[in-house]
Amino acid sequence: MARGSGEAVLVVDADNGIRRMFVAALDAAGYRPLVAVTAQEGLSSAATEDPSVIVVDLDLPDLPGEEVCRRIRAYSVVPILVLSGDHRERRKVDLLELGADDYITKPYSTPELLARVGVAVRRFRQLQTTLAPGADDAVLAVGSLTIDVSRHRAELNGRRLALTPKEFGILTLLARFPGRVLTHQQILHEVWGNGYDHELHYTRVYTSQIRKKLGVEPGAPRLVSEAGVGYSLVGPSDDD
């Protein structure tokens, strides 16, 4: 079911009451809500309806919400927001590592959820603009790492790195300022947007994943953490 005429937001949630409330709020805010009650319905809509944001509750009747995230992220860069009553940081970290862009714990307010959807929509528009032909022909290089911004492609010694959208965003941001320490807040603001200044575990999760993917290949830059401050991308020539 779809309404409205704005950006499409897919809501995958088996709870009728929550789903109806959220859909009404999205509709009132000018979005075009798409709804799915099961994981399979959600996966089908994600593949055919081209949503700008997908909101997934982890408690679904046929498949875990984690599996929905995994399958969508295998082929799409669309932002995924997950909903859960589990407040444990380890659970949040696990979902972020699967490719979720945001983790919203229950109970949550409708304004908060709409605000996070709005941030995700804006970031997705920016990503689409970046990927558009001729949008940005910059190619960044730090050591043997090259980042083709317009093609959304990063290579290390000629080997393509499999990066999630957020990993690519962080690595590109750091590569624009090699050797310079960017604070947690700067990274969160540039990659996630306003309202994420305190989500420091987001940067920890993604920088850890980036380090693993950079590895220790010849000429690979190092992602260096400055305790309590932030991160920098250091080229091999800057090593002591």
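Modeller: Happy to. One term before we start: contact means heavy atoms within 4.5 Å. And do keep in mind that this is a predicted model.

Colleague: Why is Asp 197 called partly exposed?
Modeller: Its relative accessible area is 36%. Buried would need a value under 20%, and exposed one over 50%, so Asp 197 counts as partly exposed.

Colleague: Since α8 came up, at what angle do α6 and α8 pack?
Modeller: Helix α6 (residues 165-176) packs with α8 at about 80 degrees, and their axes are 10 Å apart. That makes α6 roughly perpendicular to α8.

Colleague: Which residues make that contact?
Modeller: From α6 there are Lys 166, Glu 167, Ile 170 and Leu 171, while α8 brings in Tyr 206, Thr 207, Gln 209, Ile 210, Lys 213 and Leu 214. By type, the contact of α6 with α8 has five nonpolar, two polar and three charged residues.

Colleague: Let's switch to the sheet. What is the strand order?
Modeller: The order is β2-β1-β3-β4-β5, an open sheet of five strands with parallel pairing. At the edges are β2 (32-36) and β5, each of which pairs on one side only. From one strand to the next, the twist averages 20 degrees.

Colleague: How many bridges link β1 and β2?
Modeller: Five bridges, in the parallel sense, with β1 covering residues 8-12. One of the pairs has Val 12 facing its bridge partner Ala 36 in β2. Helix α1 (residues 16-28) packs on the sheet and touches β1, β2 and β3, and its direction makes about 160 degrees with that of β2.

Colleague: Now β4. Is that strand enclosed or open, and why?
Modeller: Strand β4 (residues 80-84) has five of its five residues buried, so it is largely enclosed by the rest of the structure. Ile 80, Val 82 and Ser 84 point one way from β4, and Leu 81 and Leu 83 point the other way.

Colleague: Which strands does β4 pair with?
Modeller: On one hand, β3 (residues 53-57) is joined to β4 by four bridges and runs parallel to it; Ile 54 has Ile 80 as its bridge partner there. On the other, four bridges join β4 to β5 (residues 102-105), again running parallel, with Asp 102 as the bridge partner of Leu 81.

Colleague: How does the chain get from β4 to β5?
Modeller: The chain crosses through α4, and this β-α-β crossover is right-handed. A right-handed β-α-β unit is also made by β3, α3 and β4.

Colleague: How do the axes of α3 and α4 lie to each other?
Modeller: The axes of α3 (residues 65-73) and α4 (residues 89-98) come within 9 Å and cross at roughly 25 degrees. The two helices are therefore roughly parallel. Their contact involves Glu 66, Cys 69, Arg 70 and Arg 73 of α3 with Arg 91, Leu 95 and Leu 98 of α4. It divides into three nonpolar, no polar and four charged residues.

Colleague: Great, thanks a lot!

Terms used: Residues are numbered from 1 along each chain as its sequence is written. This is a predicted model: local features need pLDDT of at least 70, side-chain atom pairs count only at pLDDT 80 or more; totals for chains, interfaces and linings use all residues. Side-chain values use heavy atoms; hydrogens and water are left out. Axes are lines fitted to C-alpha atoms, for helices over the stretch in contact, and angles run from 0 to 180 degrees between N-to-C directions. Angles under 35 degrees count as roughly parallel, over 145 as roughly antiparallel, 65 to 115 as roughly perpendicular and the rest as oblique. Ala, Val, Leu, Ile, Met, Phe, Trp, Tyr, Cys and Pro count as nonpolar, Asp, Glu, Lys and Arg as charged, and the others, Gly among them, as polar. Buried means under 20% relative accessible area, exposed over 50%, partly exposed in between (1.4 Å probe, protein chains only). Two strands pair if DSSP finds at least two bridges between them. A crossover is right-handed if, with the strands pointing away from the viewer, the path from the first strand over the helix to the second runs clockwise.
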